[in-house]
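Reader: Please take one part of this model and go through it closely, with the cut-offs stated. After that, go on to the charged pairs.

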Amino acid sequence: MHEISKSVVKKDHEAKVRGESVYVCDYPGEGVLTGKMLHSKWAKAKILGVKVPELPEGYFYVDASDVPGDNNVNIVLDDTPVYCRETVEYIGEPIGMLCGPDEKEVDRLLKACEVEYEELEPELDMLAGKTNFFNYDFGHGDVEKAFKEADKIYEEVFRTGYQEQAYLETQSMMAEPEPDGRMFVHGSMQCAFYVHGAVARVLGCGPGGVHIFQDVTGGGFGGKEAFPSILACQVAVAAHKCQAPVRCVFDRREDLEFTSKRHPSICIYKAAVKDGKVTAIDADIIYNAGAYSTLSAVVLQRGLIAAIGIYNVPNVHIHGRAVKTNTSPCGAYRGFGAPQTYFAIEMFMDHIARDLGLDSLEFKRANFAKKGDTTSTGGKYHFHVPVPEMIEEVEQLCDYSKKRKLYAQKQTGRYRRGIGMSMYFHGAGFTGSGERDIIKAKAKLRKYADGTVEVLASNGEIGQGVRTTFPKIVAHELNIPLEKVYYSHPDTGRVPDSGPTVASRSLMIVGELLRRAAIKLRSIWKDGEEQEVEDNFKEPDFMIPFYLDKFQGDAYPTYAWGVNAIELEVDTFTGISKVLGAYASFDVGTPIDYNIVMGQMEGGFLQGIGYASIEKMDYDAKGRIRNNSFSDYLIPTTKDVTNLKCVLHVQEYPEGPYGAKGAGEVPLVGAPPAYLEAMEQALGGTKLYHVPFTPEDTVEAIVKNGI
Ligand code: MOS
């Protein structure tokens, strides 16, 4: 392994384990107003009026009429209002905010607010939804001809549910008017510059009028990619009106019910098979976007790009849409649209194989893409596809093939077992031309006279270790001790825009800019002087340019790869299943810190198992999310999967620092199909079509199929 992979103590470790880290809710409350949201009670309604009780001195009610600039939060489109317009579009939509010095009094006043609604009929069914926020259609080859010439044609429908990020720190944000007239907004977030752009627009003050600071952030997983822009705009408008600091900290219930989560999906797949090969895929993919479009465009894009999995399919037609419903807007969650379609394609391949009387792994293997093959978007796999070797590594971990055969035999008795395997990629970096055309990342190093070096970038520490790995790269290149290099939380007032902390991009893209900047600094280093160097993103030469209007080109420069196997045992009396083992090989290139990367792999894999099994979230007939605490939205812990083993398959990426690729998201993506393939075996070969697959679903399958 590369020398840089040697693990160090994370720079923020001590403060976090000692409980000394200051999160936004930890700042002293003196002089700070508490802001609490007045949430809509209905999924769709006209707001006829809000009767606010008489407010004591120092208390304020804030709504859309107080927005000095534009009442639209800039995300991808600008359709999300800061505070609601004439109608509310989902349960929980913020109508206004009540602010004041005493939290109990704020609660009392909030309860006394009377909203007069005219209820309207909400749209809650994504299949019936009439508004498509986004609609993409692309492909290659001659799909019609392939279906005509097929030996067999298959059609199946797959469904996936919500998944909630369940970060420990709820959404929390604070805004403080500064003496120089600027607005200072800080809190829990992934993307300081997203917040910056959004707040400046809402305050109508230009980019110089605000600066944003990322406080210590207790987990993001995608949930703090776009949502913090909305909350930041709301507190900034409140602070602007009150001319006092305003802090809003969501309670868990608000966070679970009213903030963004993974898009539920329905994936309708058709395949043509000839001579043991998939010759065509025709897929119709529907994501439930919720009430506003937020990040659905990009989430859907990623899902569609992954829609044919890692297979070399010569004829492809993919149609996808993100549909509006009157529910909480969905957003980013680790995997970002890909887990849905990987679930569909992996299960579909498994089902086709079984129908053909083939072993599912052998059938998948016969269809694998390899270096030089065309991707779903007409791009190219520029590098070796290491999946075959990774399958071998997983074999080594768990004796997969032997168990797969064993569990395929007829099982009797109360406890039955199964094992399943999935294989997939996760595109590293922003989708398509995003890095080149939208982000244009910049990163800086500032060397002080005493020889310490500060990293200046905008990527936030969200537990993934970037405060440690960025300095590690710089220290390594400058050949100075790690203690001499530091990276603070970003403040948009003093760091360049190196882009958001998303898309498994920070280390691969910005880490490489820092490595190059460090080489520059090394070459001009003068003791005792303050020096600054900068580096800017350049797209690698080998890339086939991506054009979103045609959905053609290289969607990513390279890919992280995953092979997962899950072995489980079902109690056929109770429906409860136990994961006997979860095994994975991940290729994220060179780990910049072995322990940090392993922590990401193990944690992400476990999150994926939760998504596959117990993390069931849904809304009722009125559109209200029924899970409002961690006792009715369960996430797995290490105790649920005691035997979880990951190995790293290191295939270096020449354009990433020391060969590193994006690592953040890949570990979550493949668990659902591996889990469900195992479940199918345990249930005597019953074909299954949805996740999460809960004990209730297991019991239903047992009863229905007379197992
Ligand atoms: Mo991420 S799920 O790209 O914040």
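**A loop asparagine and the salt bridges**

Asn71 lies in the loop between strand 3 (60-63) and strand 4 (72-73); helices (H or I, at least four residues) and strands (E, at least two) are DSSP runs, numbered from the N terminus. This is a predicted model, in which local features need pLDDT of at least 70 and side-chain atom pairs count only at pLDDT 80 or more, while totals for chains, interfaces and linings use all residues. Residues are numbered from 1 along each chain as its sequence is written, and side-chain values use heavy atoms, with hydrogens and water left out.

The relative accessible area of Asn71 is 16%, so Asn71 is buried (buried means under 20% relative accessible area, exposed over 50%, partly exposed in between, with a 1.4 Å probe and protein chains only). Its side chain reaches the backbone oxygen of Tyr83 at 2.9 Å, and a polar atom of that side chain lies 3.2 Å from the backbone nitrogen of Val82. Leaving aside neighbours within four places in sequence, Asn71 is in contact with Ala64, Thr80, Pro81, Val82, Tyr83, Cys84 and Arg85, where contact means heavy atoms within 4.5 Å.

Now the charged pairs. Side chains of opposite charge can pair when their charged atoms come close. The structure holds 47 salt bridges, a salt bridge being a side-chain nitrogen of Lys or Arg within 4 Å of a carboxyl oxygen of Asp or Glu. One of them joins Lys36 and Asp107, with the closest N and O atoms 3.1 Å apart. This pair links distant parts of the chain, as Lys36 is in strand 1 (residues 33-39) and Asp107 in helix 2 (residues 103-112), 71 residues apart. Asp107 has 28% relative accessibility and therefore counts as partly exposed.

Lys444 forms a salt bridge with Glu532, and their closest N and O atoms are 3.5 Å apart. Because Lys444 lies in strand 19 (residues 442-447) and Glu532 in strand 22 (residues 531-536), the pair ties together parts that are 88 residues apart in sequence. Lys444 is partly exposed at 21% relative accessibility, and Glu532 is partly exposed with a relative accessible area of 39%.

Asp587 and Lys661 meet through their side chains in a salt bridge of 2.7 Å, N to O. Asp587 lies in strand 24 (residues 577-587) and Lys661 in the loop between strand 25 (644-648) and helix 16 (666-669), so this pair ties together parts 74 residues apart in sequence. Both Asp587 and Lys661 are buried. Elsewhere, salt bridges that share partners join Glu346, Asp350, Arg354, Lys364, Arg404, Glu677 and Glu680 into one network.

Note on methods: A polar contact is a pair of N or O atoms within 3.5 Å; within protein, one must be able to donate a hydrogen and the other to accept it, and residues adjacent in sequence count only if both atoms are side-chain atoms.
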